Amino acid sequence: MRPRQSSQGSEDDGSLPVFISPSELKYYADEISSHKQVVTIYNPYSYTLKYKVLCTAPRKYHVIESEGLIKSHCRIDVVIRHKEPVEGATVDKFQIQLFDHGSSTIRGHKQVISQVLSGRPQMSVPEAPMQQLPPPDKREMFQSLIKQQIVVVQEELTHLFYLWLQFVELHYFYPLGRWTVPRYLRTYILPYIRNLWWLMFWD
């Protein structure tokens with residue numbers, strides 16, 4: 001059973017989404033290497049599809065493999081060569097149609113715009129190559145490690161101090177019914193001890 005299809009990715013609501021790249025072909029009159037473009041048609045579905053390429057000006061183009069089959073989860077590259085790349089020519093259109101294998105009913109289609117531009121394509125600025133970062137300073141690494149260990153020791157000592165307060169509260173103040181001192185210790189003394197540790201090791 002085939003999955004339910006959505007209309008996203010196709011021009012007609014309710015049709016099979018068509019996935020192609022690119023959606024626009026740009027031929028440059030003065031750049032011979034641009035007179036041949038490639039359109040990739042994808043089949044992300046779990047069954048084989050048949051494709052067909054149509055054009056509004058078929059005499060101006062030579063399409064290699066204008067129709068064929070695309071296996072499940074595969075793609076195919078369609079080479080489209082412009083025979084008459086004249087500057088200022090009209091904008092042409094290609095249409096990629098998809099069919100079920102063995103059927104003549106169109107399941108989905110999508111258009112590709114083709115135009116001829118003047119001059120040559122602008123060269124993109126090359127990106128700087130990736131380079132290795134300088135090794136970290138050993139002194140900084142050592143200091144960072146020491147600070148991490150200090151934080152661990154500080155947390156352990158603070159926890160032990162808190163346990164000591166609980167011990168004093170349960171064995172000395174609880175039998176006497178005197179709760180104000182341990183609460184005062186927890187509220188003021190404990191934060192003071194914690195801040196003191198920070199000042200001693202970080203400053």
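Visitor: How does R107 count in terms of accessibility?
Guide: In this predicted model, R107 is partly exposed, at 23% relative accessibility.

Visitor: Which residue forms a salt bridge with R107?
Guide: D100 does, and the closest N and O atoms are 2.8 Å apart.

Visitor: And D100, buried or exposed?
Guide: Buried, because its relative accessible area is 15% and the limit is 20%.

Visitor: How many salt bridges does the structure hold?
Guide: Two. Besides D100 with R107, there is a salt bridge between the side chains of D92 and K60, at 2.8 Å from N to O.

Visitor: Where do D92 and K60 sit in the chain?
Guide: D92 belongs to strand β8, residues 92-100, while K60 lies in the loop between β4 (49-55) and β5. They are 32 residues apart, and the pair links distant parts of the chain. Both D92 and K60 are buried.

Visitor: Switching to the sheet. What is the strand order?
Guide: β1-β3-β7-β5, in an open sheet of four strands with antiparallel pairing.

Visitor: Which strands stand at the edges?
Guide: β1 (19-21) and β5 (61-64). Each has a single partner strand, so one side of each lacks a neighbour in the sheet. On average, neighbouring strands here are turned by 25° against each other, direction ignored.

Visitor: How many bridges join β5 to β7?
Guide: Four, with the two strands running antiparallel; β7 covers residues 74-82.

Visitor: What stands opposite Y61?
Guide: H82, in β7.

Terms used: Residues numbered from 1 in each chain as written. Predicted model: local features only at pLDDT ≥ 70, side-chain atom pairs only at ≥ 80, totals over all residues. Heavy atoms only, no water. Pairing = 2+ DSSP bridges. Axes fitted to C-alpha atoms, helices over the stretch in contact; angles between N-to-C directions. Salt bridge = Lys/Arg side-chain N within 4 Å of Asp/Glu carboxyl O. Buried < 20%, exposed > 50% of the residue type's maximum accessible area, 1.4 Å probe, protein only.
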